[in-house]
Amino acid sequence: MSTQSTDTTGTTATPPSALRRALSGSAGRNLGLVVALAVIFAVGTITDGAGFAGLDNILVILRQASVIGVISIGMTFVILAGGIDLSVGAVLALASVVATADALQDVIVENTHWIMLVVIALATGFLAGLINGVVIAYGKVAAFMATLAMMVGARGLAELVSGNRNTLVDSSEFKRAFNVDILGVDILIWIFVLVAAAGWILLNRTTFGRRTVAIGGNREAARLSGIKVKRHTMWLYALAGTCAGIAAVMMLARTTTGTATHGNLYELDAIAAVVVGGTLLIGGRGTITGTVFGVLIFSTLSNVFVQLNLSSSVQAVAKGIIIVVAVLLQQRFASRPGQ
Amino acid sequence: MRGIKKRFGPVKALRGVDLDVAPGEVHCLLGQNGAGKSTLIKVLAGVHSPDTGELLWHGERANIDGPQSAIDLGIATMYQELDVVDGLTIAENIFLGHELTRGGFTQRSAQVARTRELLNRLGHGSLSPHAEVGSLSAAEKQIVSMARALSHDIELIIMDEPSAVLDGEEVDNLFRVVKELTSQGIAVIYITHRLAEIRAIGDRITVLKDGASTASNLLVADTPTDVLIRHMTGRALKNVFPPRPGVAHDAPVVLDVEGLGRSGEFDDVSFQVRAGEIVGLAGLVGSGRSEIVETIYGARQASEGSVFVRGAKLPRGSVDAAVSAGLGLSPEERKSQGLILGEPIFRNITLSSFARFAKAGFLDEGAEKTAADEQIAALELRPADPALPASALSGGNQQKILLARWLVHGSSILLLDEPTRGVDVGARAEIYALIRALADAGNAIVVISSEIEEVLGLADTVLVIGDGRLLSTVDSSEIDEHGVLDLVMKGTAA
């Protein structure tokens, strides 16, 4: 490293140690994900022909991935810090019914602007996440239990708010605003891209991201270095809740309906995507890029299964196998003595 | 038992080690960190398998291919990192993995009886076999670890730095146990950094350096200390402690602790630290030294008294406020409390100083690396590659990361809890010089060490702590090791 300043040619071969280090680093772990995605894609192309690899179908896959994708970005932060959030699916449902509740829609949305619908959904997600965060960070309740309680409670509250009916989005401006393509790509996909990019920057370029990794890597060391671990933990869950709120807006855009059954089991899909993407469940290591690949792997897989007319039960079995195989492979990668 | 002979070909961690151990002897293994001691004992314990070389057990070639086969041969190991399960009782820990069973059911009463027997043999009959291990002190956990080793039918026991977590009295008890074991014909391989202990109990010594044995099977009685140090370091080691220039009388008081107390742990502790002064806390393990320092730092909440930094009172129980006021703690447990082992060196160094490298929350990684590089050069941290994970460094260099962290932050009051724990002799001198240089540069420093000699050699002022009370504040030039122990004995007896 120290000899680089004297290197004037700029074209000398990379030393093998640097290459090996790169491979055993995050790039190497992501390489495995690229290969996995390519294999699934190849299987789809071979079995289904040109239709599968066509642009239209790729956009379908991406659109399918977008809602889970946004949730998974928030989940990545929580898991990186050594936590877990089981409530995101239920919070999504709650946000969708609160934003479309008759009383709110009549009063606020009709009299102000459709954007209020988005604001309400995000605020609901944020608040639910904040409650999780406060209970976990300051109440010292295990994240698993606190978010399990929120999962049950938010789903129930969603049923109460909606009266167990589907509530329609009234605002035609909202529907129009989200029913557009930009450069031929659905706006939901753009939202996913934006959230992922923002998540990447937040994780890799800001103190917030670095603190998250530090807390996941060694909570006590982070605390003794002066990092406000409790406050940070609280914001992490608020972030995950906000992502669920964004996902709720996307569901409203896609279905124009709010219902207490939205987002069922999404928390498990998101956790699976994050873990398959290489984030350690104990925290301290993980990447946004990996999570994006994790999400794409699952949505491509389910697309392949749909194209092949296989039942969702077969799909679930395959998903389970993939999770186990991916984690096994990653452990091999991680434990390889690269340095 | 004829003894063990091991020879390794050109492998990385171990490059040819010869060692034989006779029944009933204490064979000491000496060497700096990274010399290969831990790797060697892991080979004996069956954790690693050697690439080449052979191991003779009772004159016959033995093949240890796993921890269980080592135990079957009669080799038990006590690791440096205490390997006990906190949630289980003492008896359950001792019989973990080889429970006394009949028809698949554990025989609890038999285990408890056998545990009581083992604890008695180790001089700790007062411990209840039903006590949960998580509630024990480090010294007591070590007893459990030793009892577990003895619960097997063993002929050789390996102890990796058993005295590191023990205070004087506990060490005496350890020696007594070791002597009892050897009188029963059990051989002991004893690893330590403390030469005095080798003199006290060792029969023969093997010195390792860079993965090879530089001297094998020396008789302790015939080998002078300077010879041992030369074998270890390749050079003679003279006065390890840097000279004390003395603190100026008009140096400002930067840290003022007044009547600090925490219920159940310590009370009424008052002292002052001036700029450029090193204050050392001496006392036995469990006397409350770490608790005092952690309370000053706000990591524990004080129940009485106050801490002033340059005249300004610190709020209780706020690490954040302490760090902003210029305090920095290098905690006792470097790995579990200080470092994020998987993260690169530079990120560990800048962990407390994000504000300096961030604009509106966005980090400038280039500036971080530059600042880390400066400290790496200034502290002579090796290897000097900021991108390596902290786990790749030796104990002494990991300690330097923690110093660098606070230097980058601009902290001027450093609280160093056991800064040389697990650091080898050569690197210790370097750490001492570094701490003194920091004091000379005007920083105020509080050092805790279980080695009284270290406190006396390093500090300007010594605080003697016993049973959670400040027994005495003395100038370090006016007291010796015996004086400190005397104070501790008198103070804790009262």
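The radius of gyration that I will quote is taken over C-alpha atoms, and the rule for a globule is 2.2 Å times the number of residues to the power 0.38. With 494 residues, a compact globule would by that rule have a radius of gyration near 23 Å, and chain B agrees, since its value is 24 Å.

Before going on, a word on the source: this is a predicted model, in which local features need pLDDT of at least 70 and side-chain atom pairs count only at pLDDT 80 or more, while totals for chains, interfaces and linings use all residues. Residues are numbered from 1 along each chain as its sequence is written, and chains are lettered from A and ligands numbered from 1 in the order in which they are written.

Staying with chain B, its C-alpha trace spans about 70 × 50 × 50 Å along the principal axes, and 47% of its 494 residues are buried, meaning that 20 or more other C-beta atoms, placed from the backbone, lie within 10 Å of the residue's own. Chain B holds 18 helices and 22 strands, which are DSSP runs numbered from the N terminus, helices being H or I with at least four residues and strands E with at least two.

Please look now at one open sheet in chain B, whose six strands follow the order β16-β19-β20-β13-β21-β22 with mixed pairing, where two strands pair if DSSP finds at least two bridges between them. Its edge strands, each pairing on one side only, are β16 (327-330) and β22 (469-475) of chain B. Strand β21 (residues 461-466) of chain B runs antiparallel to β22(B) and is joined to β22(B) by six bridges; B:Val464, for instance, has B:Ser472 in β22(B) as its bridge partner.

Helix α15 (residues 395-409) of chain B lies across β16 and β19 (413-417) of chain B, at about 170 degrees to β16(B), with axes fitted to C-alpha atoms, for helices over the stretch in contact, and angles running from 0 to 180 degrees between N-to-C directions.

Turning to where the chains meet, the contact takes 20 residues from chain A and 26 residues from chain B, two residues being in contact if their C-beta atoms, placed from the backbone, lie within 7 Å. On the side of chain A that touches chain B, α11(A) gives the most, with six residues.

Finally, confidence: chain A averages a pLDDT of 85, and 87% of the residues score at least 70, pLDDT being the predictor's confidence in each residue, from 0 to 100.

Note on methods: A residue is buried if 20 or more other C-beta atoms lie within 10 Å of its own, exposed if 12 or fewer, and partly exposed in between; C-beta atoms are placed from the backbone.
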